[in-house]
Amino acid sequence: MRKRRRVTPVGSGRAGAAGAALVLGSAGILLGLAAGPAQAAEVSFATHCVPPAGITPVDGTTKVEITAPATAKVGDTVDVVWKFVQAASKNPDIIDLPANSVQPSGVLKAAGAQTADIAMQGTRTNPAIPKGGAMVLSDMKGSLKLTAPGAVTLTPDAYTVNAMSTDTKCTPKETVQKAATIQVSPGDGSSSSTTPEPTDSASRSASPSASASASASDGTGSDRTDFTGKQVDIPYTCQSPIGEKKATSPIQIDARKNGGSFDLTVQFKKSVMDSPADIPKGSVKPSMEVVLGGADKGTVHVEGPTNSKDIKTGEPIEIPDLTGTYKPGADGRSTLSPGVLTINALGTTTTCRPDRTEVSLTLDTTQQASGASGGSSTSGGSGSGSSSGTGGLAETGSSDHGALKALGLVAGTAVLLGAAVFTFLPGRRVR
């Protein structure tokens, strides 16, 4: 059990009620015994943002504040916070963005005594943003396991904003100055974690639960091969081509050891949808990005088969078991949590992102060649994706309203399914 103590965050203050619901704020740090006081520093850099097709790219200035411990030891896993003081873009004059429809993610570069790309993830938490309004982005969090003594610098890099199921990718146009430095001293190799202090928005973040439901051993002498995860209730916000739906579904992740890898099965226990139209067989296909945590980082792509029979109007649509293979990218205890769920049906895509997630399964893993750590592990599917599902909208003066199509505002019978996707109804799971 890790021992933690609170440290007052640098630059923290009382935010308004709306601000507290939007961002993590100047994050405090719960420090392990090896970690030093928190530090926060702001940097700004010229940025080029590429929005969805049909919207003109924009050049702007990004201002970022990075919070991290000032000192730590080798073996510590330190958590860092990326706060957007100013995004490089505004909402274009095309459509108002509803509340809680924008989510950022990005990369923080570690250099010096240790080099690494730290994956940063924010929550889908924002106020309603009018046309031409400033983009309000939640704080992003990430973690880094320290492996060598010396000075480790942290520098913001590219980031992506997701809004209304569209992506805007923003990259620096100049050399970015380091935003924080961690002085790492030699340690005994034991790991202590520093975690940003919870705020109103942090309570809705997608950071995995600390509890473990099952454990697998990769060490020799273990004959166990099957591992059952716990059932966790995951609230989703689903963006269909014609609107937003919210739903909560119990989900369970199970694993079977297969050499150094694990065959995963993701079950939706009570996810039943009523079809708004007749749907022919072979036209509905689900997939998910399982989020890795703990020792490992990245995502694992799992997917299910298409519907095997026609579905009549009003009949339930069930999500079948989703399967894939997890190839570990790190040694240690790795967690698996439900992530972004995608439904392709009748030529449309509905993307469901968890408002928060929780660990369903914990495995003892051994690093494999080309493993998942820091990236994605793909198996048995037509593609893979990141659980962050990130992207967004850049500022533009363009009057090209063809971009509305890129935002999913299309008509016709092809979007009928989107109107009912993930209207979850309680009921027994049918295999």
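Modeller: A salt bridge is a side-chain nitrogen of Lys or Arg within 4 Å of a carboxyl oxygen of Asp or Glu. Please note also that this is a predicted model.

Biologist: How many salt bridges does the count come to by this rule?

Modeller: The rule asks for a nitrogen and a carboxyl oxygen within 4 Å. One of the pairs is Lys-109 with Asp-117, whose closest N and O atoms are 2.9 Å apart. By this rule, the count of salt bridges comes to 8.

Biologist: Is Asp-117 buried or exposed?

Modeller: A residue counts as exposed if its relative accessible area is over 50%. Lys-109, the partner of Asp-117 in a salt bridge, has 31% relative accessibility and therefore counts as partly exposed. For Asp-117 the relative accessible area is 52%, so this residue is exposed.

Biologist: How many residues apart in sequence are the parts that Lys-230 and Glu-358 tie together?

Modeller: Lys-230 and Glu-358 form a salt bridge, with their closest N and O atoms 3.2 Å apart. Lys-230 lies in the loop between strand 14 and strand 15, whereas Glu-358 lies in the loop between strand 25 and strand 26, so the distance in sequence between the parts they tie together is 128 residues.

Biologist: Which residue meets Arg-333 in a salt bridge, and in which strand does that residue lie?

Modeller: Arg-333 itself lies in strand 23 (residues 332-337). Its side chain meets that of Asp-364 at 3.0 Å, N to O. Arg-333 is partly exposed at 43%, and Asp-364 is partly exposed at 21%. The parts tied together are 31 residues apart in sequence, and the residue asked for, Asp-364, lies in strand 26.

Biologist: Let us turn to the disulfides. How many does a search of the whole structure find?

Modeller: A disulfide is a covalent bond between the sulfur atoms of two cysteines. Cys-49 and Cys-170 form such a link, with sulfur atoms 2.2 Å apart. Cys-238 and Cys-352 form another, with sulfur atoms 2.0 Å apart. For disulfides, the search of the whole structure gives a total of 2.

Biologist: Why is the disulfide of Cys-49 and Cys-170 given a handedness, and which one is it?

Modeller: The handedness follows from the torsion about the S-S bond, which is about 115° for Cys-49 and Cys-170, so this disulfide is right-handed. The pair links distant parts of the chain, 121 residues apart, with Cys-49 in strand 3 and Cys-170 in strand 11. Cys-49 is buried at 0% relative accessible area, and Cys-170 is buried at 1%. The handedness asked for is thus right-handed.

Biologist: Which strands hold Cys-238 and Cys-352?

Modeller: The link of Cys-238 and Cys-352 has 115° about the S-S bond and is right-handed. Both Cys-238 and Cys-352 are buried. They join distant parts of the chain, 114 residues apart, and the strands that hold them are strand 15 and strand 25.

Biologist: What is the bridge partner of Tyr-159 in strand 11?

Modeller: Strand 10 (residues 150-163) and strand 11 (residues 166-172) run antiparallel and are joined by 5 bridges. Their hairpin has 2 residues between the strands, and Met-164 takes a positive phi near 55° there. In strand 11, the bridge partner of Tyr-159 is Cys-170.

Conventions:
Residues numbered from 1 in each chain as written. Predicted model: local features only at pLDDT ≥ 70, side-chain atom pairs only at ≥ 80, totals over all residues. Heavy atoms only, no water. Pairing = 2+ DSSP bridges. Helix = DSSP H or I, 4+ residues; strand = E, 2+ residues; numbered from the N terminus. Disulfide = S-S within 2.5 Å. Buried < 20%, exposed > 50% of the residue type's maximum accessible area, 1.4 Å probe, protein only.
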